[in-house]
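Please read it alongside the sequence and the structure shown here.

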Amino acid sequence: MINELTIKNLYRESDLSDSEILDLIQTSEYDKILYDAADRKRKELYGNGVYIRALIEFTNYCKNDCYYCGIRRSNREAIRYRLTIDEIMAACDAGYKQGFRTFVLQGGEDQYFTDERVCDIVSKIRRTYPDCAITLSIGEKSRDGYQAFFDAGANRYLLRHETASDSHYKKLHPKEMKLDNRKRCLFDLKEIGFQVGAGFMVGSPFQEPQHILADLRFLQELNPDMIGIGPFISQCNTPFGQGNYKNGSVELTLRLISILRLLFPAALIPATTALGTIHPQGRELGIKAGANIVMPNLTPLEARRNYLLYDNKICLAEDLAMCRMDTEKRINSIGYKVVVGVGNPVKKW
C-alpha cells in the first residue's frame, strides 16, 4: 500500500515498483501531496516559468481511421482544409511578433504533404526564423523522411504512442496500424537527433491501470524530451463517440502529470487543450500539478473550427492577440510566468 513516504521516495529516487505505481494511479487520497511534490521538483529545474508554443494545425486530412479521432478518414462530416505555405508563414509571422519562438506544425497524416513538401515548409520557416525551434507532429513516416525533415531544419517531433499495450492499441486503431511501427518511429526520431515527444490518452476506452503502467515503463525505455498526456474526449462522428464511452477524468490526468514530473524531472510536459476542455481551469491545474508548457493556437480561425479531434474543443474563436493575452493572464493568476524563448529541456536528470 502507498502512503506519504511512497511519494517522498518517488521525489528522491524517481522510480517506484510496479505495485507501488499501480497503487498510486488508483489512489486519490494523496493527490495534494503528489501535486506539491511534482510542483517542487519542476521548480527545482525550471523555476516558475511556463514555456509557450505556437500551434499551427495546417491540415485536417488524414489517411488513418483511428476510432477515437474526429479527423479520421471515414468521418464524412468533417470539413477538410489544408493551409497554403503562405498561410503557414503568415501564422508564423503573427506568432513571432507575439513573442513565440517555437512553431508546432500539427496535422493528420495527409498524403498531399509529401516529404518534399514538408521539407519545403520547414526550410522556409528555418530561413525566415533562424532563432526559433520547429516542431513537427504529423504522424508515422519512414526513417528517411524523418531524416529529411531534420536536415531541412526541424528539431522537435511529437508523436504520442497513445498506448504501449499491443492488445489495447488494437482496440483503438484499425488493423493496418501497428504499435511496433509507432515505437519504431519514436526510436528512429531519437536516433536521428530530434527532441522527441511521446505520450498517451488518459481514460481511453478499454484502458486499465496495467495499460498505464505499461505506458510509464515504455516512456522510461524511450526517455523522451517531451511527454504529452491528455484526457480522452469523445467525438460524435467516431465509433467511440457513438458508443457509451466515458471521457477521461481531470483527476487521473492531473495525478499522472505529477507522476510523470517525478519520474521524468527534466521533461517538458504540456497542460493540454484537452485538459482545458474538460475543466474550465484544466490547464492551470495541470501547471500546478507539474506541467510547464502551454500551446496557444495560431491556426487561422476558419480552419481552426474544423480541426476537431474531439467535441467541445476550446479556443475556437479567439484571435491570436486575445489568445496570447488570455494565456499569460491565466498563467500569472496562479503565480507562474510566461517564458518567451525556445525553451529547450534542461540537461537530463
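Two strands count as paired if DSSP finds at least two bridges between them. The model is a predicted one. By that criterion, strand β1 is joined to strand β10 (residues 293-294) by two bridges, and the two strands run parallel.

**Strand β1 and its partners**
- In the pairing with β10, I52 has V294 as its bridge partner.
- β1 also pairs with strand β11 (residues 337-339), in the parallel sense and over three bridges.
- V338 in β11 is the bridge partner of V50.
- Strand β1 spans residues 49-52 and is covered on both faces.
- G49 and Y51 are buried on one side, and V50 and I52 are buried on the other.

**The six-stranded sheet**
- Six strands form an open sheet with parallel pairing, in the order β2-β3-β4-β5-β6-β8.
- Its edge strands, each pairing on one side only, are β2 (54-59) and β8 (226-227).
- Two bridges connect β8 with strand β6 (residues 195-198), again in the parallel sense.
- In general, the strands of a sheet pair through backbone hydrogen bonds, either parallel or antiparallel.

**Helix α9**
- Helix α9 covers residues 209-222, which is 14 residues.
- From first C-alpha to last, α9 reaches 20 Å, close to the 20 Å expected at 1.5 Å a residue.
- The buried residues of α9 are H211, I212, L213, D215, L216, F218, L219 and L222.
- An α-helix has 3.6 residues a turn, so residues three or four places apart point the same way.
- The buried residues of α9 pack against the helices α2 (18-26), α7 (166-172), α8 (179-192) and α10 (250-263), and against the strands β6 and β8.
- Both of those strands also belong to the six-stranded sheet.

**Positive phi angles**
- Most residues other than glycine have a negative phi.
- N312, which is not a glycine, has a positive phi near 65°.
- N312 lies in the loop between α13 (301-304) and α14 (320-333).
- C315, also not a glycine, has a positive phi of about 65°.
- C315 too is found in the loop between α13 and α14.

Conventions
Residues numbered from 1 in each chain as written. Predicted model: local features only at pLDDT ≥ 70, side-chain atom pairs only at ≥ 80, totals over all residues. Heavy atoms only, no water. Helix = DSSP H or I, 4+ residues; strand = E, 2+ residues; numbered from the N terminus. Expected span 1.5 Å × (residues − 1). Buried < 20%, exposed > 50% of the residue type's maximum accessible area, 1.4 Å probe, protein only. Contact = heavy atoms within 4.5 Å.
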